[in-house]
Amino acid sequence: MLGNKRIGDMLNKVPEVTVIFWIIKIMSTTVGETGADYLAVHVGLGTTLTGLLMASLLTVALVVQLSMNRYVPWIYWLTVVLVSVVGTQITDFLSDKLEVSLYISTAAFAVILAATFASWYAVERTLSIHTIVTTRRELFYWAAILFTFALGTAAGDLATEALGLGFSVGVLAFAALIAADAGASALGVDAVLTFWVAYILTRPLGASLGDLLSQSREYGGLGLGTIYTSLAFLTVIITLVAWLSFEGERASKTQAFPSN
Amino acid sequence: MKKTAIACAAAILALATGQSAPYRDGVLLPRAEAAQSRLGDLTPFRNIAAEVAALVDKGDLPGAKIRIKDLETKWDEAEAGLKPRAAADWHTVDKAIDRALEAVRESNPDTANCKKALADLLSVMDSMKA
């Protein structure tokens, strides 16, 4: 089937939304956050240096990702992990260094995300993730992803600060919201909307889930520690991405004919 | 997409079941009480801060710099557990720890500044006792 491709054609650059997609996405969130935290605190680079380092790595990964002419799992998911880190760091920088209220940052990121979708739709007349076939569309896609991570971080932190929502209840609350979103999707609510709502909600879900596994039993966690939790999640991510890469040739046939 | 989300939600619910309410000495606490209680036991953090203060008093500033990293790491690791208990109190202690870290980590640390920052930190921690 690869022989059918004309040179210069760009296939859909982003993956189909499957169970594996969500598993990797949720785990990337945790690994991204604990990884950045590890560099900042344990390695002692500090938040500013870690932030600059991650932003540079993201720039490099994004350039490589944009240069691909089809979906390549390892670089796509590496970019997602780095966007997750940088999106989180933007919110943390606003909260911790500039002392911006979480109410303001949550509202601001919601507005910025809405504006991103509005300009995406205004320019492309579609928000479909099945036809990310031009660099311009892909840039809209990654901008939207960056702001969902920033918004997810701010909204999740706001739930902790304002409602005293701990990670155990957080896991249940965010899972319930995602289930409601899935229900809405099943009832025929717009697929684009429910996808992006799930994308936002899986950020605080991933963070709560990571905390549930890593925090000590004293605080109601399972006591695995951040290092083992991150290593376990990283192993799952690498295994799934490797599997996707080997399966990818077959999948590329269906991706060449997007359904909408 | 919907099957996916339902599968994920089910897996997560299964994992979180039984972890949803705070326990103390094996007794289930009502959520409202847990929300009202302050940060809980800060002794492990206070002990390290007191050791750092003792090192500063002895004039061992390099030793203090090494030991205070343990406080930074331990405090950072416990954030997700402690902060939801009392976010405002958590920020008060967090800021006091930041000031102590800053004083002890100066390239040319000033003993008087370090002593003051650590004394402030210890008194902030003590004031958190419920």
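The model is predicted, with local features requiring pLDDT of at least 70 and side-chain atom pairs pLDDT 80 or more, whereas totals for chains, interfaces and linings use all residues. Residues are numbered from 1 along each chain as its sequence is written, chains are lettered from A in the order in which they are written, and side-chain values use heavy atoms, without hydrogens and water.

**View 1. The interface of chain A and chain B.** Contact (heavy atoms within 4.5 Å) involves 43 residues of chain A and 30 residues of chain B.

**View 2. A salt bridge across the interface.** Glu161(A) is joined to Lys83(B) by a salt bridge, with the closest N and O atoms 3.0 Å apart. The term denotes a side-chain nitrogen of Lys or Arg within 4 Å of a carboxyl oxygen of Asp or Glu. Two salt bridges are found across this interface.

**View 3. An aromatic pair in chain B.** Phe45(B) and Trp75(B) pair edge-to-face, 5.2 Å centre to centre and with 90 degrees between the planes. Ring centres of a pair lie within 6.5 Å, and planes over 60 degrees apart count as edge-to-face. Phe45(B) is buried at 2% relative accessibility, and Trp75(B) is likewise buried at 3%; buried means under 20% relative accessible area (1.4 Å probe, protein chains only).

Key: Phe/Tyr/Trp six-rings, centres within 6.5 Å; stacked < 30°, edge-to-face > 60°. Buried < 20%, exposed > 50% of the residue type's maximum accessible area, 1.4 Å probe, protein only.
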